[in-house]
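Welcome! Let us take a short tour of a protein chain, stopping at a few residues along the way.

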Amino acid sequence: MATILMFSINRFVTDSLIEEITAAGGRVAVQIERDQLDYPLAQRRSRNLQVVDSKGKVVASTPGLYGKPPMATFTPDGMNVSTSVVCGGGFLIGECDLVVAQWAHRGGEKWIVYSASPTVPPLVDPWLATAVIGGMAVLAGVITYIGHRIVTVSLKPVTAVRTELDEINANSLDRRVPVSPGDDEIHELADSVNRTLARLEGAMERQRQFTADASHELRTPLAGLRVQLEEARLHPGETDLNDLLTHSLSDLDRLQAIITDLLLLAKIECSPPELRERVDLATLVRAEVSRRADAQKVRLVLAPEVPIDVVPGQIGRAVTNLLDNAERHARETVVVEVRANGDGAEVIVDDDGEGVAEADRGRIFERFARLDAARSRDRGGTGLGLAIARSIAHAHYGTLQVGTSPSGGARFVLRLHKAPPDDDAAERVRDSS
């Protein structure tokens with residue numbers, strides 16, 4: 001910056017100097033044309049002038065160039081005035097001067113008036129250069145200090161975020177980083193970090209839930225199987241082998257079903273969204289019902305066409321789980337309805353059983369939830385069917401709710417959207433679970 005400033009000053013002073021010596025030479029040229037040449041030719045000691053006649057003879061000059069040849073050899077040519085830098089010649093050794101040549105007309109002849117002055121030094125003046133460089137150094141220092149202060153203040157929220165992140169570990173994922181006021185990039189960064197921490201906390205919570213569910217629910221069939229096998233080992237002669245194998249296989253089937261459902265639940269909740277396909281929801285539900293051994297007991301009420309983008313296998317599993325639940329608790333009738341609903345679709349499963357009390361409608365979707373004897377293990381199922389169905393609904397940014405059917409039983413309504421909502425809406429759906 002200082003170099004640019006000094007260069008600009010040098011150019012300004014040089015241009016001013018050229019104008020000055022041009023004016024001095026022009027004044028002498030006018031005097032020659034009027035035959036009124038006055039001395040001294042130059043008003044300043046550092047200025048030099050020469051008058052050269054048409055034959056190249058110096059006829060007048062300032063004292064410093066007495067008896068010396070013309071200071072320059074160039075002429076204005078087709079112009080009235082021409083400027084050049086001349087080094088050496090009639091000047092001091094090693095000195096370079098700005099020389100301006102101008103025509104002067106006398107007695108029908110063309111004479112030349114040379115006016116000159118030493119060139120401007122690159123730094124113009126040592127004191128000026130010192131002042132400029134010193135001023136620029138001070139300015140640079142002030143700018144550096146202000147910049148450092150601005151950066152320090154601006155990055156203070158980032159430091160707070162980093163410090164908080166350093167203190168957060170697997171046992172404190174409920175903590176959040178401070179969000180700075182305003183609407184800038186740091187605010188967005190902190191907000192993004194908090195959303196990431198929330199998702200990480202949810203994933204860790206699901207992992208803990210999976211571990212707790214597996215250890216709790218697998219313990220019972222394993223304990224039963226162990227008791228039977230130990231009893232058979234202690235009293236081999238009193239053991240009915242067929243009965244032992246039947247009960248053991250039954251417990252193993254239950255273990256396999258629970259493990260399969262737990263793994264499916266973990267996959268739905270923790271895996272990234274799978275590729276969706278455009279399907280006719282009515283056709284998909286009809287196909288799921290047709291695979292059932294007691295399909296004739298299910299009455300279908302299907303809209304002609306209900307296209308929607310879903311993962312067919314997951315939605316099929318959700319429908320199957322709802323049908324299994326309805327048939328376990330229905331007295332006689334199960335009704336399945338598929339219909340379009342605004343920007344989405346609905347699958348409604350009604351039964352004419354005992355229904356679900358309003359106080360239990362939130363708890364019924366919990367894993368291994370048992371509300372009463374009507375939902376005991378001897379009625380079949382692993383206790384994960386409704387939890388899986390609701391997780392599938394949330395994975396599709398939909399909902400699964402329970403109410404009362406027209407016959408007084410339970411009504412399960414699976415709502416799906418034709419397109420995923422925005423991120424905020426998706427977060428609200430997950431939070432609702």
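## Ground rules

A residue counts as buried when its relative accessible area is under 20%, as exposed when over 50%, and as partly exposed in between (1.4 Å probe, protein chains only). This is a predicted model, where local features need pLDDT of at least 70 and side-chain atom pairs count only at pLDDT 80 or more, while totals for chains, interfaces and linings use all residues. Residues are numbered from 1 along each chain as its sequence is written, and side-chain values use heavy atoms, leaving out hydrogens and water.

## A buried aspartate

Aspartate 351 counts as buried because its relative accessible area is 3%. Leaving aside residues up to four places away in sequence, its contacts (heavy atoms within 4.5 Å) include Ala326, Thr333 and Ser405.

Helix H3 spans residues 185-234 and contains glutamate 185. Glutamate 185 is exposed, because its relative accessibility is 64%.

Asparagine 194 is also found in helix H3. Is asparagine 194 buried or exposed? Its relative accessibility is 12%, so asparagine 194 counts as buried. Asparagine 194 touches Arg176, Val177 and Val179, not counting residues up to four places away in sequence.

## Positive phi angles

Most residues other than glycine have a negative phi. Aspartate 35, however, has a positive phi near 60°, and tyrosine 397 has a positive phi near 55°. Aspartate 35 sits in the loop between helix H1 (2-33) and strand E1 (48-52), and tyrosine 397 in the loop between helix H7 (385-395) and strand E11 (399-404).

Key
Helix = DSSP H or I, 4+ residues; strand = E, 2+ residues; numbered from the N terminus.
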